Structures are given as C-alpha cells and as structure tokens.
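Please look at the sequence and the 3D structure below, and keep both in view while reading. The paragraphs after them go through the structure part by part.

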Amino acid sequence: MKKLFGTVVPIITPLTEDDKIDVESLKKLTDHCIDGGLQCLYPCGTTGEMMYLTVEERKLAAETVVRHAAGRVPVFVHVGAWNLADTLELAKHAVQIGADGVGIVTPAFYQISDRGIAEYYTTIAKALPEDFPVYLYGIPQNAVNDLSVSVCEAVAKECPNVVGAKYSFPDMTRLQQLMTVKNGEFSVLVGPDHLFEAVVAVGGDGVVSGNAMCIPEHYAAVWDALQKEDMKLATKLQRRTNILNATMCAINNIAAYKVILKAEGVIATTKMRRPMENLTPEQEEQLLKTMKELNYRVVPQM
C-alpha cells in the first residue's frame, strides 16, 4: 500500500469572491505544488478550512485535485468530519474518485475516550477496501481529543489498511513512540514544520506542511538533503524555513498563505470561509514586504 512521504502539502481551498470553490485556482495550485518539487498532496485538511466546507464542497475539492494531479504525485484526501456519517461518505467518495488514500482527524469538540476513538477509526477503516491506505490524524490543540499510541496500535492491529499517522503536536517523545507501532512499520509524519528534519532523522517519513505551498523550493531542498543524508545542509535549510515560517504564521497562517499565493498569481482571491478571518490590508502589505525583505525565494547553498 502507498504511504505518505517527504513534504505532504495540506493545500488551501481557494474560494471565489461569491464564496464558491474556485476550481481553476485549485488546479493551478495543484500544478504549483507539483512543479515546486513537493512529494504528496493532501486536500481538505486543516489548512483547507475543512470543517467550514460542506460535504459537497469537500467532494468537489478532492475530485478536482485527484483528477488534475493525474497520478503525478500521490493524493491523500482528508475526510475527517463533524460526524461518522459524513466521514464515511467522504472516505468512500475518495475511494471512488481514485485517491491514493485518506487521512482522518480524531473526533472533535466533544471529549471521547480512547475506546471510542478506536471504535470510530475501526468502523471507518473496515468500511473501505483492505488495500486502501488510511492515516490517523492527531491535532489535540484543535480537536480536543489526542491520538494515543495505544489507539494507533489497536486500530492498526485490527485494520491492515491503517498504515500511519500524522501527528500535529510538537511532542518528539510521542512521535518516536508512534514509530514503534506495528513493529516499527507504522508511517509517521509530523505537523509542526520546525520538526521536519528532526523527525526524519529519527525514522519518520516527512512533514505535512502548509507553509510549503508558499516556499516549495525550500522544502524540496530539505527533503533532497535528508535523502542524501547531508545533515549539515539539511540543518541549514531547516533553519532558513523556520525564519520564513515564523513570518507566515505570525498572525493567521492560512490567510497568509492565500495572500502570498494570490500575489504570485497562483490563486485569484484571498477570501477565507467565514468565520475564518482575512488579514487586514495593512497586515497583507506588511507580510509581503517582510517576505520580500527576507528574499524568500532564495534557497541557501553550501
């Protein structure tokens, strides 16, 4: 079964001025990420404003990316939703449209026991083909519920298609513990960008990075250095991305991505899905000014 690796991009969801999915911008964004040397695409994730999109909008976004990518890179669709029924519908749709796999965030808002989370994941995984890859997704700072090692172990044991996890809390201990699941076969990717190099160095498979949409050449360079085991260069490149990411994430990272991508002609508007906020005109101006001052297109060399 396919697994995620390298820089996985949880792409934003471009919107038109009248608040519809901007299909043409989404196609351009898909090309932008692939041409930038990034390894995998992950539509409808947290960065894609997933919980504020309807089920039909999420289907449209997923189908657009899968079909436009056309096998050039793997596309794993995030299908976690507010309830089990919607999650199952989105997961089965991902299979139907030819996605390479799915990611599923833990149940959100209400606190659920580990037993309940395991049952939730098992129900979904068993409703999909046995050879269709599933990643569990933990982001406790947003979803309330954490993703424990014991849950991953139990679900992976019962469901052979559960192949890994994306963990988006900066806990290196937890990340390394997850790597021991399934006798070390469990695929683990990190959400916090500053841990990209560190996680891969200790056996992880990569990073899920929204920042990478805006500075793809930097992430492509980090991954290349890691693949070559050139840790001195990887460290230098990681520190450079940390500086750039601090600027992009200073106020509202998703809105900042849209500002940068619009300025570069990749998407048509900076519109956010309400109640998500746009940057103010003053914040947009300062963001672009600072990024230019940082020469954000320049990748360090040895």
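What follows is a walk through a predicted model, from its sheet to a helix, a surface patch and some salt bridges.

Begin with the sheet. Eight strands make up an open sheet, and their order across it is S2-S1-S8-S7-S6-S5-S4-S3, with parallel pairing. At the edges are strand S2 (40–41) and strand S3 (76–78), each of which pairs on one side only. Within the sheet, strand S5 (residues 134–138) and strand S6 (residues 162–167) run parallel and are joined by five bridges.

Next, turn to helix H9, which covers residues 216–227. The helix has twelve residues, and the distance from its first C-alpha to its last is 16 Å, close to the 16 Å expected at 1.5 Å a residue. Is H9 mostly covered or mostly uncovered? H9 is mostly covered, since nine of its twelve residues are buried. Among them are Pro-216, His-218, Tyr-219, Trp-223 and Leu-226. Just after H9, Glu-229 takes a positive phi of about 60 degrees.

Trp-82, Phe-109, Tyr-110 and Ile-112 make a nonpolar surface patch of about 510 Å². One of these residues, Trp-82, lies in the loop between S3 and helix H3 (84–96). Trp-82 has a relative accessible area of 52%, and it counts as exposed because exposed means over 50%.

The last topic is charge. Side chains of opposite charge can pair when their charged atoms come close. A search of the whole structure finds 16 salt bridges. In one of them, the side chains of Asp-100 and Lys-2 meet with an N to O distance of 2.7 Å. Asp-100 lies in the loop between H3 and strand S4 (101–105), while Lys-2 is in the segment before S1, so the pair ties together parts that are 98 residues apart in sequence. Asp-100 is buried, with a relative accessible area of 19%, whereas Lys-2 counts as partly exposed at 47%.

Another salt bridge is formed by Asp-19 and Arg-273, whose closest N and O atoms are 3.2 Å apart. Asp-19 sits in the loop between S1 and H1, and Arg-273 in the loop between helix H11 (253–263) and helix H12 (281–293), so this pair ties together parts that are 254 residues apart in sequence. Asp-19 is partly exposed at 26% relative accessible area, but Arg-273 is buried at 8%. Asp-19 and Arg-273 also belong to a network of salt bridges, in which they are linked with Glu-57.

A further salt bridge joins Glu-89 and Lys-59, with the closest N and O atoms 2.7 Å apart. This pair links distant parts of the chain: Glu-89 is in helix H3 and Lys-59 in helix H2 (residues 55–69), 30 residues apart. Glu-89 is partly exposed, with a relative accessible area of 33%. Lys-59, at 15% relative accessibility, counts as buried.

Definitions and conventions: Residues are numbered from 1 along each chain as its sequence is written. This is a predicted model: local features need pLDDT of at least 70, side-chain atom pairs count only at pLDDT 80 or more; totals for chains, interfaces and linings use all residues. Side-chain values use heavy atoms; hydrogens and water are left out. Helices (H or I, at least four residues) and strands (E, at least two) are DSSP runs, numbered from the N terminus. The expected span of a helix is 1.5 Å times one less than its number of residues. Buried means under 20% relative accessible area, exposed over 50%, partly exposed in between (1.4 Å probe, protein chains only). Two strands pair if DSSP finds at least two bridges between them. Patches are made of residues with over 30% relative accessible area and no salt bridge: like charges are joined within 9 Å, nonpolar side chains (Val, Leu, Ile, Met, Phe, Trp, Tyr) within 5 Å. Accessible areas come from the Shrake-Rupley method with a 1.4 Å probe; for residues, only the protein chains shown count as cover. A salt bridge is a side-chain nitrogen of Lys or Arg within 4 Å of a carboxyl oxygen of Asp or Glu.
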